[in-house]
Each structure stands twice: as structure tokens, then as C-alpha cells.
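Open the model in your viewer and keep the selection tool ready.

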Amino acid sequence: MIIVHEYSFRMVEHTLFNVLLRTLNPRFDSVSSVTIRNDCMKLFASKKKKLKEILRSVGKICLTTDLWTSNQTIGYMCLTVHFMDMDWKLQKRVITFCGLPPPHTGLAIADAILQCLIEWGIENKVCTVTMDNASANDVAIRNLKDNFSLKGNLYFGGRIFHVRCCAHILNLMVQDGLDEIRGIVENVRESVKYFKMSPARLHKFAEIVRQLQLPTSRRLILDVPTRWNSTYKMLESALFFKDVFPRYAERDPNYRWLPSSDDWKKADEVCKLLEVFSEATLSFSGSKYPTSNLFLPEVWKIKQMLNEKSLDERDFM
């Protein structure tokens with residue numbers, strides 16, 4: 001329970017927690033946070049040993065890795081191993097989630113990955129590494145490839161060693177496109193932001209939703225600048241509630257971002273376009289099934305859609 005729900009080890013020392021357990025079992029003996037921590041680490045060591053035994057029997061593995069910086073400006077790296085088990089079922093395991101001190105150079109990334117592989121005893125089994133398109137990752141891949149090549153552990157001459165993250169490539173494409181048409185969604189974004197900044201405004205908005213007998217289970221979504229699919233979700237949710245916006249404007253004189261009918265038409269067209277990218281991204285992002293075989297059909301769908309939209313004479317398309 002402590003591990004699954006990510007509770008603090010000190011939870012076992014909370015008074016009411018102990019009262020609850022003694023109510024359930026009067027013979028319960030209290031334990032300290034140190035004991036719980038030690039038990040969790042013993043469980044971790046046991047699971048790690050078992051996973052090492054499984055990986056020892058695996059012929060080839062594929063890696064995915066990513067880096068990001070927390071709100072506390074601490075850099076982290078996650079490394080996940082993917083492999084087929086004895087029953088030919090696709091498996092994935094996170095083998096490290098560690099802090100990565102700056103600077104996040106390609107050499108530092110490569111060293112961190114190689115150190116982890118050596119610790120797990122799988123440095124001779126890596127077939128591919130999937131990373132996003134950051135320049136530091138390109139340097140890391142070159143260093144890893146050189147290292148594996150010297151030891152003769154580079155499969156297929158290294159031609160498939162570096163797999164570029166297709167979902168990240170789509171993200172870059174869509175971000176560039178959204179920069180060109182940011183004015184189209186501006187009124188929608190400012191409207192959603194205005195509503196979500198105040199519980200009173202959200203309450204008034206919800207009242208109108210109930211009056212129109214629209215489903216109350218859906219919510220407005222405000223997008224995040226670095227995630228294009230959140231812009232798609234924002235437009236999708238706003239279009240669902242578009243009849244609420246003008247009625248809200250009649251009740252709030254301070255609301256100044258009411259989208260026009262033309263804005264809604266443009267937003268609808270953009271939303272349909274983004275839906276194709278969203279479906280492809282979700283398909284590529286699957287972790288319980290192989291995705292390399294899905295690449296060409298999904299990219300072909302996008303290419304067909306872009307070919308059709310390129311003939312559209314409207315400026316915003």
C-alpha cells in the first residue's frame with residue numbers, strides 16, 4: 001500500500017492510522033517509518049533480482065529514455081527496457097529513474113545510460129534506443145553506438161540503433177502549425193482561462209450548462225503551451241459547450257472574449273485537423289503492443305489529410 005499509493009513512510013507513525021489498524025486488529029503492533037522503509041527496500045531488492053534473472057534469459061532488448069526538469073529545476077532521466085518474454089508477450093520495465101545533474105550534455109546522458117545497462121548486465125543486448133530529437137540525444141546516441149561497436153555488440157551495423165520518437169516529431173510539426181494560427185484559438189483560450197480563474201464564474205457557467213440540458217460530466221479544459229494535444233482537447237471541450245458562451249456573455253459584462261461564429265467555424269476546422277494528429281500520437285504512444293508496424297499507415301493518413309488541406313484556399317488552413 002505504501003509503495004502503490006506513494007505514501008510517506010511516516011504515515012505508519014500517524015496516530016489515527018494506528019487507531020484504525022488497532023480497531024481492525026487489536027493485536028496489531030506499531031512499526032516505525034524506518035522499519036517500513038527497510039521493508040520497502042528489501043522488496044525492491046527482491047524484485048530487482050528477479051528482473052535481472054528474467055533479463056538474463058532475454059536475447060535482445062529495446063530501450064526508451066527521456067529527460068525532463070522538475071519544478072525545483074532538478075533534472076531526471078527515466079530508462080525503460082522493452083522485451084519479449086518466453087511466451088512472446090511484450091513486456092516493459094523501468095530500470096532506472098534517477099537524478100541527472102547539469103549540464104545535460106550528450107556525453108553525460110550516454111554515461112548515465114551505459115552505467116545503468118552495466119549495472120543490470122544487459123549492455124550486450126541492446127538492439128535499439130528510442131529518444132526524442134534533442135541535439136544532446138544525438139550526441140548521446142553517437143557515443144553509445146561507438147561504445148557498442150568497439151565491443152562488437154551493434155546489431156545490423158547500427159542502422160536501426162537510433163529510433164527517433166515519432167510522437168515527438170508529430171509534436172514539433174503541430175507546434176509549428178499552431179504558431180501560425182494562434183490568433184484563431186486566442187478567444188477560445190482566453191475565454192476558458194477567464195472561466196477557470198474563478199469558482200463563481202465556473203458555477204455560473206455550469207448553471208447555463210444545466211439549463212441547456214448538456215451533460216454535466218464534461219469539463220472545460222485549458223491548454224498547456226508545451227503540449228499541443230492539450231490545445232486539441234481545449235478546442236474539443238469548448239466546441240461542445242459553444243452554445244453556453246453567448247449566454248454567459250449576457251450575464252457577465254466583464255467577459256470580453258466571446259468567440260464569433262466565424263471563430264467557432266475556424267476552431268472546428270482546426271479541431272478536425274488536430275484530431276488526425278491526436279489519433280496518430282495515441283497510436284504511437286502505446287506501451288502494451290508493438291508500434292513500429294503502425295508508423296507507415298498513420299503517417300500516410302496524415303499525409304493524405306495534409307494534401308487535401310493544402311488545396312484549401314482559406315488562409316488559416
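Start by selecting Ser237, which is buried, with a relative accessible area of 3% (buried means under 20% relative accessible area, with a 1.4 Å probe and protein chains only). This is a predicted model, in which local features need pLDDT of at least 70, side-chain atom pairs count only at pLDDT 80 or more, and totals for chains, interfaces and linings use all residues. Residues are numbered from 1 along each chain as its sequence is written, and side-chain values use heavy atoms, leaving out hydrogens and water.

Ser237 sits in helix α8, residues 228-240 (helices are DSSP runs of H or I, at least four residues, and strands are runs of E, at least two, numbered from the N terminus). Now show Ile221: its backbone nitrogen is reached by the side chain of Ser237 at 3.3 Å. Leaving aside residues up to four places away in sequence, Ser237 touches Arg218, Arg219, Leu220 and Ile221 (contact means heavy atoms within 4.5 Å).

Next, select helix α6, residues 182-196. Its end C-alpha atoms are 20 Å apart, which agrees with the 21 Å that 15 residues should span at 1.5 Å a residue (the expected span is 1.5 Å times one less than the number of residues). Its buried residues include Arg189, Glu190 and Tyr194. Display α7 (199-211), α8, α9 (244-251) and α10 (261-284) to see what the buried residues of α6 pack against.

Finish at helix α3, residues 106-120. Among its buried residues are Gly106, Cys116 and Trp120. The cover over the buried residues of α3 includes α2 (33-56), β1 (61-69) and α4 (135-150). Just after α3, select Gly121, which takes a positive phi of about 70 degrees.

Methods
Buried < 20%, exposed > 50% of the residue type's maximum accessible area, 1.4 Å probe, protein only. Polar contact = N/O pair within 3.5 Å; in protein donor to acceptor, adjacent residues only side chain to side chain.
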